[in-house]
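Trainee: Could we go through this structure together? I would like to begin with the annotated positions.

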Amino acid sequence: MHSTEIRLFASSVKVLQQGTTKWIGKNNSRGSSRAHRKPPIEYKPRDPDSTSTSAGPRLGPKRKVACLFGYNGTGYSGLQFNPDTDKTIESDLFKGLVASGLVSKENSTDLKKVGFMRAARTDKGVHAAGNLVSFKAVLPQDSESTVDGMKRVVENINQHLPEKIRVWGLNRVTKGFNCKNMCGSRVYEYLIPSYVVLPPRADSYLGKKLGMTTDVKFWADLADKSDQEKYQALKDYRISEKLLSDLKAVFQIYQGGHNFHNYTIGKDFLDPSSKRYIDSVNVSDPQIIDNTEWISIKLHGQSFMIHQIRKIISMGILTIRTDTPLAKVQQTFNNHKLNIPKAPSLGLLLEHPVYDGYNRLITNKFTHLSPITFEPYQSEIDGFKKNSIYMEIYEQENQEWVFWKYFRYLDDFDIEDNNGGSDFIFEYLGRNSGNIPVPRAIDVEIDN
């Protein structure tokens, strides 16, 4: 090293040791690019007792986690984050994750920065007893080594969430975990008041379409009553064993593999994604809540399309209340396009996603990780369902008559006046209507 270079190097070292922020180096006086370099960032050791994530090293390394949670969807525009509104479940959940320190403030403006992903999307007003999102979290260093440590993290998150959203637990997952694609199946529940199986009034459009000339005794006895008195009679209605058996039978038809193109929107018969498999549909025995008889219908399937469950529920109920042969339901899976109305969102909730395949994987290869299951939190989930979700459904139905208004609207829906056309399902309801046609233009074997 030449003497001139030695002097410049020594000068630079001396200035840096004195704490100056000015860079001194070769050709600095001539405007070299080194003169514009940013000063080195000063390292500030973190206080071991500090819980701040806004400066200095984070609480711990980022870990990919699965967040198991539930929510009451009333008043929200749905689960998925929407830049046009902050009234979504994910918006409030993400704010809680930031406030609790699991997501740093630097990453608080964009869900993609932490790899945020959801297992199952729910629509406006739909509830979930159990759902799951995954993201990269900044976990406290002691949380992974003890059960109590992770419980404290969950409690901290819940302190920053509205009461309508509850986190049940956090699971460390593999780096390649995809909560949507690795979800093997999903369980949904739909609640209905049992009075929905009552037939339409004879003077309604649907009643006339069915050829009814006189009302059944239930409606005949209420001919001169007020709407309030009619609704009270609906609340007092109790389903017969025969109708309950018929209801269970009609929903059994949906089990297995079928082409559900008539049970969603934007799909035709030849779209491969219209074929879905439903593992089971179970109809419960009725329970009386606040003098109204309710029935639970649980559907367990690999995946469901938009509106699919609500259209299944509506078609099943219409089949019973119009005394339509069950074979007509099977015909809705053929290639004739039908307009099937969707039942109210009020009764629908996501029970939980299922990760059997992923759990088998980690049992064999990643033994340090825990399987994803909602069973350890079932007691808390049941309490939340009863007090927050079920009561919301019961109270809203009691105050707004949601289901009665829905089926009364359908009964008086004139398909000729509303351009329903010959493909509206009303054309094929009842025992005297013809079979749903199978167009000859398409001859495709459905693989069930």
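**Annotated positions and packing**

Mentor: UniProt, in an unreviewed entry, lists Asp-123 for "active site"; positions follow the numbering used here, feature names are shortened, and annotations may be inferred rather than shown by experiment. This is a predicted model, in which local features need pLDDT of at least 70, side-chain atom pairs count only at pLDDT 80 or more, and totals for chains, interfaces and linings use all residues. Residues are numbered from 1 along each chain as its sequence is written, and side-chain values use heavy atoms, with hydrogens and water left out.

Trainee: Where is Asp-123 found?

Mentor: Asp-123 sits in the loop between strand S2 (117–118) and strand S3 (127–138). Strands (E, at least two residues) and helices (H or I, at least four) are DSSP runs numbered from the N terminus.

Trainee: What is Asp-123 in contact with?

Mentor: Leaving aside neighbours within four places in sequence, Asp-123 is in contact with Gly-78, Ile-306 and His-307. Contact means heavy atoms within 4.5 Å.

Trainee: And which residue does the "binding site" annotation cover?

Mentor: In the unreviewed UniProt entry, that annotation covers Tyr-188, which is placed in strand S5. Tyr-188 counts as buried because its relative accessibility is 8%. Not counting residues up to four places away in sequence, Tyr-188 touches several residues, including Ala-120, Arg-121 and Phe-304.

Trainee: Changing topic, how many residues has the largest nonpolar core?

Mentor: The largest nonpolar core has 120 residues, and those with the most contacts inside it are Phe-135 and Tyr-254. Helix H8 (residues 308–321) gives the most to this core, with seven residues. Such a core is a set of buried Ala, Val, Leu, Ile, Met, Phe, Trp, Tyr and Cys residues joined through side-chain atoms within 4.5 Å.

Trainee: Last topic: at what angle do helix H11 and helix H12 pack?

Mentor: Helix H11 (residues 378–400) and helix H12 (residues 402–411) pack at about 55°, with their axes 6 Å apart. Axes are lines fitted to C-alpha atoms, for helices over the stretch in contact, and angles run from 0 to 180 degrees between N-to-C directions. H11 and H12 are therefore oblique to each other: angles under 35 degrees count as roughly parallel, over 145 as roughly antiparallel, 65 to 115 as roughly perpendicular, and the rest as oblique.

Notes: Buried < 20%, exposed > 50% of the residue type's maximum accessible area, 1.4 Å probe, protein only.
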